[in-house]
Amino acid sequence: MKQKIVMKVQMKCKKCQTKALKVAAVKEGVNFVGLEGEAKDKVVVIGDGVDAVDLAKALRKKLGEAHIISIAAVAK
């Protein structure tokens, strides 16, 4: 099942944005990674069978603070 995960991540600079995208991109099952929001502080991940909790833990380890905002099914 394809799903869209939106997470709010504490990002202070462009380097943090790049780091967040790299962390999310290497997770198993990820098809798309992007940033959204006015301050580009939300990481959007679309993929098949992505573990949102594992992704949040990885982002917290690298960047400090990460919160899951939503998880929704995406039509194929």
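Does I68 count as buried, exposed or partly exposed, and at what relative accessibility? I68 counts as partly exposed because its relative accessibility is 36%, where buried means under 20% relative accessible area, exposed over 50% and partly exposed in between (1.4 Å probe, protein chains only). The model is predicted: local features need pLDDT of at least 70, side-chain atom pairs count only at pLDDT 80 or more, and totals for chains, interfaces and linings use all residues. Residues are numbered from 1 along each chain as its sequence is written, and side-chain values use heavy atoms, with hydrogens and water left out.

The chain holds two helices and four strands, in the order β-α-β-β-α-β from the N terminus; helices (H or I, at least four residues) and strands (E, at least two) are DSSP runs, numbered from the N terminus. The chain has a radius of gyration of 11 Å, close to the 11 Å given by the globule rule for 76 residues, so it is as compact as a globular protein of that length. This radius is taken over C-alpha atoms, and the rule is 2.2 Å times the number of residues to the power 0.38. The C-alpha trace spans about 35 × 25 × 15 Å along its principal axes. Of the 76 residues, 36% count as buried.

The largest nonpolar core has 19 residues, of which M7, V9, V43, V45 and L59 touch the most other members. Such a core is a set of buried Ala, Val, Leu, Ile, Met, Phe, Trp, Tyr and Cys residues joined through side-chain atoms within 4.5 Å. Two or more residues each come from β1 (2–9), α1 (14–25), β3 (42–48) and α2 (52–63), and α2 gives the largest share, six residues.

Beyond residues up to four places away in sequence, V9 touches D41, V43, L59, L63, E65 and A66, contact meaning heavy atoms within 4.5 Å. D41 lies in the loop between β2 (30–36) and β3 and counts as buried because its relative accessibility is 16%. Apart from neighbours within four places in sequence, the contacts of D41 are M7, K8, V9, M11 and E36.
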